[in-house]
Amino acid sequence: MTVNVGVIGAGMIGADHVRRLSTIVSGAQVTAVTDIDADRAASVAAGVGARSLATGQEVIDAADVDAVLVTSWGPAHAESVLGAIAAGKPVFCEKPLATTAEDCHKIIDAETAHGRRLVQVGFMRRYDAGYRAMKQVIDSGEIGTPLMVHCAHRNPTVPERYHSEMATHDTAVHEIDTVRWLLGDEIVSAQVLTPRRTSHRFEHLQDPQIMLFETAEGARVDVEVFVNCQYGYDIQCEAVGETGTVRLPDPAAPVVRSAGRQSGPVLQDWKDRFAEAYDVEIQEWVDSVAAGAVSGPSSWDGYAAAMICDANVEALHTGEIVSTGLKDRPAFYA
Ligand code: INS
């Protein structure tokens, strides 16, 4: 079976997923594309022999669209996801699921009323080979009960429009989802420490930030976000258990020994770091749609990420330890 995909939003990540669905992923084809920029939609659609349509609703309703991929800008996500649920069509939504916890709730309610899962949220790190290997080690019990996780998320630089809250919503959100998934545990509180600021930043930005999370089981998670570190794109993660540790491997790179020095490259662009994870993510989504059983990060995970991010931003502004207010995961999302 070929899954016919309709794409809402043909910007950078949308166009990239259209390319992926057409040239890398098997068992899928893009049949319809829309974007608020109609010319852009037309050119992305033409590149893969798809139709360009005027609105997201037209894409959702199209008879030749079996599943919907939402890659518009964040504030427009909820409307498209709710539309796809109303049409009973599986929908993949890039993060964030919605920009407010209230909209996430509406999605959870609609999906629950539908009776089976339709929504997958684009938290692609769960599809990275290194993180998957880490999770296997943790789940095997080899390092014992996890007690702490140390993370670092460093970008070489960020543009002037990047502001202090984006350190949570754009950057640490990846660690927030990954750690919940790695530990199979919920984040219940957040605190943010603000070190001396780097001089290599725009004036308005608090950079770096140290985020401290506590899980329901009492594990502690620290995330260093440092988005003007200058030297490269560097993602680190180490889980410490009762009897051992497991660390995320760095991307494979040649080690050069020359002139009395040993050296190797550090990635510069985040788009290169998880490129393969995106391929695996979209392939597994297509396979799950074909099999009639959507899995992967759920609406609940999208909602939890929104709640934790909101608490973390409040923690940044108040200096307090802020509860995330997350309750038990509903059985529907077990
Ligand atoms: C980007 C993206 C990257 C992250 C950046 C963020 O939107 O999510 O993975 O490293 O900090 O600005």
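Student: Which strands does helix α10 lie across, and at what angle does it run to β8?
Tutor: The model is predicted: local features need pLDDT of at least 70, and side-chain atom pairs count only at pLDDT 80 or more, while totals for chains, interfaces and linings use all residues. Residues are numbered from 1 along each chain as its sequence is written. Helices (H or I, at least four residues) and strands (E, at least two) are DSSP runs, numbered from the N terminus. Helix α10, residues 299-318, lies across β8 (187-193), β9 (209-215) and β15, and its angle to β8 is about 30°.

Student: In what order do the 7 strands of the open sheet lie?
Tutor: Two strands pair if DSSP finds at least two bridges between them. The pairing in this sheet is mixed. β12 (245-247) and β15 (322-323) are the edge strands, each pairing on one side only. The order is β12-β11-β7-β10-β9-β8-β15.

Student: Which strands does helix α6 touch as it packs on the sheet?
Tutor: Contact means C-beta atoms, placed from the backbone, within 7 Å. Axes are lines fitted to C-alpha atoms, for helices over the stretch in contact, and angles run from 0 to 180 degrees between N-to-C directions. Helix α6 (residues 129-140) makes about 170° with the direction of β12. The strands touched by α6 are β7, β11 and β12.

Student: Which residue in β11 is the bridge partner of H150?
Tutor: Strand β7 covers residues 146-154 and β11 covers 234-241. They pair in the antiparallel sense over 8 bridges. The partner of H150 is E238.

Student: Which helix gives the most to the shell around the ligand?
Tutor: Near means a C-beta atom, placed from the backbone, within 6 Å. The surrounding residues are N155, D170, T171, H174, V227 and W270. They divide into 2 nonpolar, 3 polar and 1 charged. With 3 residues, the top contributor is α7 (residues 166-183).

Student: Are the residues on both faces of strand β4 buried or exposed?
Tutor: Buried means 20 or more other C-beta atoms within 10 Å of a residue's own, exposed 12 or fewer, and partly exposed in between. In β4 (residues 67-70), A67 and L69 lie on one side, V68 and V70 on the other. These residues are all buried.

Student: Which residue in β5 is the bridge partner of L69?
Tutor: β4 and β5 (residues 91-94) run parallel, joined by 3 bridges. β4 also pairs with β1 (residues 3-8) in the parallel sense, over 4 bridges. There, V5 has A67 as its partner. For L69, the partner is F92.

Note on methods:
Nonpolar A, V, L, I, M, F, W, Y, C, P; charged D, E, K, R; others polar. Contact = placed C-beta atoms within 7 Å.
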